[in-house]
Amino acid sequence: MGLLFMGKPLAWEDSMPYLEYIREHGVTQFLNLWDRFKDREGDTLLWGDEVEYMVLSFDADAKNAKLSLRQAEILANLQRAVTDLCTNTLADLASVPTFHPEYGRYMLEATPGSPYTGSVPDLLSVEKNMRYRRKLIRAELMPHEAPVTVTSFPRLGAPGVFTDPFHDPSNAQASHSLFLPDEVTNPHVRFPTLTANIRRRRGSKVAINLPIFFDVNTPRPFIDPTIPYVRNVFPEDPEAMNGAALPDHIYLDAMGFGMGCSCLQITFQACNVDEARRVYDALVPVGPIMLALTAASPAYRGYLSDVDCRWNVIAGSVDDRTEEERGLKPLKHNKHVIPKSRYDSVDLYISKDFNNRPEYNDTLVPYDEDIYKRLTAHGIDTLLSKHVAHLFIRDPLVIFSDAIELDDTVSSDHFENIQSTNWQTLRFKIPPPKSPIGWRVEFRSMEVQITDFENAAFSVFIVLLSRAILSFGLNFYVPISKVDENMQRAQRRGAATQQKFFFRKRIYPADTPPLSHSTPSESPTPSKRSSPAVSSLDIHGRLVDISNGIKVNGHTDGEHVDGHEEPGDVAGHESSSSRDPPLFVAQSRCPSPWVAEHMPVKEEYEEMTMAEIISGKGNEFPGLLGVVNAYLNSLNIEFKSKQRIRAYLALVKRRADGSLQTCATWMREFIRSHPAYKHDSVISEEINFDLMNALDEIARTRVVSDLLPTDYVGSKDDDGCL
């Protein structure tokens with residue numbers, strides 16, 4: 001959501017004299033934080049999720065589902081409800097879910113009141129907590145409203161009425177959109193200013209073009225008849241006619257189309273900065289895989305598109321690059337040609353682990369050379385220096401007039417101004433000042449799912465995968481260019497079952513002993529502390545036994561039968577200079593005392609199906625589920641808990657092998673099989689009304705066998721609790 005100051009935000013032209021000041025002091029603030037926290041050790045695994053909802057208003061008489069613009073009123077009511085819970089019950093404020101505004105005035109964000117640990121009981125409490133959040137929201141809504149976890153609202157910006165109350169889109173002062181009124185945007189001054197400043201900096205409106213899904217009656221070529229080509233209100237109005245709107249595409253022209261989408265995000269706390277960098281790098285190739293598995297957005301502005309995911313929509317919606325930065329004109333007023341929007345996939349691996357070869361960072365990554373020199377002169381390694389210097393080629397987009405001159409020793413606001421508006425598939429997060437929070441990694445690619453069961457399943461899967469990565473020293477590196485290609489493939493229609501993705505073939509360190517990759521419930525529950533030896537690598541690559549609860553990378557991963565973590569202090573770390581990455585390509589092929597000699601990069605990866613990436617291929621690649629199972633099999637977990645975790649992992653497996661549909665595929669088929677659908681790619685108000693009703697019913701109790709397992713019960717027996 002970004003920083004929400006109170007004060008006067010500067011229009012783009014007024015903010016330009018302060019851009020370099022904000023950038024310079026943002027770097028100073030980063031350096032101050034780095035000096036304070038670079039040696040911080042011993043933070044335990046804590047993590048949390050963020051679920052975003054759209055509040056829908058259902059008009060049964062008109063058969064129209066609309067976006068309810070009552071965000072401020074609903075949030076105020078929720079705050080009172082939270083206060084009452086803490087006053088009138090035994091609930092602790094730290095345990096009560098928290099609710100936040102989002103970009104769309106129809107959106108709410110909910111998070112657990114306090115972070116989860118890595119314990120099994122905490123993992124199994126996630127779904128219950130998510131259901132309770134939805135229950136609390138629902139209690140503050142009107143009878144005709146519902147909180148729906150849908151990634152993109154299919155009729156946002158379509159002709160007719162799509163908001164409650166209705167607002168005319170013909171006078172959108174911030175976005176100048178042909179389709180969206182300013183009233184769909186959160187009224188906090190940051191959001192309309194951000195919207196307007198992106199347009200002003202870019203020199204035009206944003207232009208997003210999604211390929212239309214050609215059904216049997218869709219006109220060829222498809223020239224959208226709903227675009228008001230001849231409108232003459234704002235200077236940008238002729239852009240659509242002059243080529244911004246492409247034939248055979250759905251044209252979107254405002255930030256709201258992207259930032260008005262919902263998602264599911266996970267944030268992990270690491271024990272130290274090196275562990276955070278390892279987790280960050282390891283999850284970079286996983287980002288597009290999870291995007292495809294969670295695909296949930298096939299429709300935009302009243303049309304079926306030929307994509308299943310939101311990613312390129314959001315990337316385009318905040319693309320503030322000028323024509324020079326996009327390479328359309330020679331550089332004159334700008335410093336860099338920038339290949340990507342500020343919302344896109346990760347550009348650099350940043351871990352100092354020896355496995356991070358220079359060849360993997362194989363794309364053009366412009367960075368501010370002066371900032372890079374300043375960072376390296378301060379003693380920061382070249383990888384992290386380049387990462388920060390790359391983020392800081394972007395301008396701050398919203399500057400508040402009363403928050404320019406700050407104390408850089410206690411504030412991180414200027415750093416976060418730029419950091420928080422670099423929206424990538426992962427975000428590397430430095431500890432904030434005056435806070436107990438440690439080094440964190442935010443995983444950002446997943447689309448929000450229809451049910452709390454699905455959102456819990458994917459959250460738990462990613463958390464367990466992060467634990468397996470650290471416990472077994474897994475290596476997922478592939479070149480960034482292949483990750484970028486995977487991101488594009490992940491968004492294609494039916495990608496989870498119809499596309500192949502580049503993925504690493506051998507992910508375990510050399511000399512890792514045999515591990516059990518079977519589903520946890522398929523293996524007998526080991527007796528307490530008597531499981532077969534399961535080994536991993538410490539941060540130096542040495543094999544260590546983790547079957548008896550030995551700490552791995554600063555965390556105790558062993559579990560008692562009752563699921564509680566082993567007590568104990570965090571083990572200290574020795575110097576890891578032997579695990580530093582190679583400095584140049586030739587050196588990356590030199591053997592290390594604890595790392596096998598590298599093979600040519602092109603031989604390290606291959607194209608795999610989603611089913612192979614998740615469930616394994618041959619004898620050498622166990623799949624992501626395989627390593628998660630190996631991690632679970634190294635723990636002592638009671639049988640009932642294993643069964644519950646197995647249900648989550650089964651959903652991931654079945655989405656990958658196609659025996660259960662993604663949300664996007666299910667929604668697409670619902671639309672195409674609707675009696676009112678004319679097979680012309682158009683989603684009418686009636687179709688959308690029935691679809692949104694169906695999503696709400698599924699989130700409650702409705703079983704849909706193509707989408708969810710047959711034993712899914714939703715909130716029928718348990719609507720959640722703290």
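**Ground rules.** I am working from a predicted model, where local features need pLDDT of at least 70, side-chain atom pairs count only at pLDDT 80 or more, and totals for chains, interfaces and linings use all residues. Residues are numbered from 1 along each chain as its sequence is written, and side-chain values use heavy atoms, with hydrogens and water left out.

**Entry 1: helix α9.** I started with α9, residues 273–283 (helices are DSSP runs of H or I with at least four residues, strands are E runs of at least two, numbered from the N terminus). Ten of its eleven residues are buried, so α9 is largely enclosed by the rest of the structure; buried means under 20% relative accessible area, exposed over 50% and partly exposed in between, with a 1.4 Å probe and protein chains only. Among the buried ones I noted V273, Y280 and D281. At the N-terminal end I found N272 as the cap, with a side-chain oxygen 3.2 Å from the backbone nitrogen of D274.

**Entry 2: α9 against α15.** The axes of α9 and α15 (residues 452–472) come within 10 Å and cross at roughly 115°; axes are lines fitted to C-alpha atoms, for helices over the stretch in contact, and angles run from 0 to 180 degrees between N-to-C directions. I listed E275, R278, V279, A282 and L283 of α9 as meeting L465, I469 and L470 of α15, where contact means heavy atoms within 4.5 Å.

**Entry 3: α15 against α20.** Next I followed α15 to α20 (residues 639–657), where the axes come within 9 Å and cross at roughly 95°. On the α15 side I saw F453, F458 and F461 among the residues in contact, and on the α20 side Y648, L651 and R655 are included.

**Entry 4: R70.** I looked up R70 in the loop between β2 (64–68) and α3 (71–88). At 13% relative accessibility, R70 counts as buried. Its side chain makes a polar contact of 2.6 Å with that of E145 (a pair of N or O atoms within 3.5 Å; within protein, one must be able to donate a hydrogen and the other to accept it, and residues adjacent in sequence count only if both atoms are side-chain atoms).

**Entry 5: F689.** My last stop was F689, in helix α22 (residues 685–700). F689 is buried, at 7% relative accessible area. Leaving out residues up to four places away in sequence, F689 touches F58, D59, A60, K63, N64 and A65.
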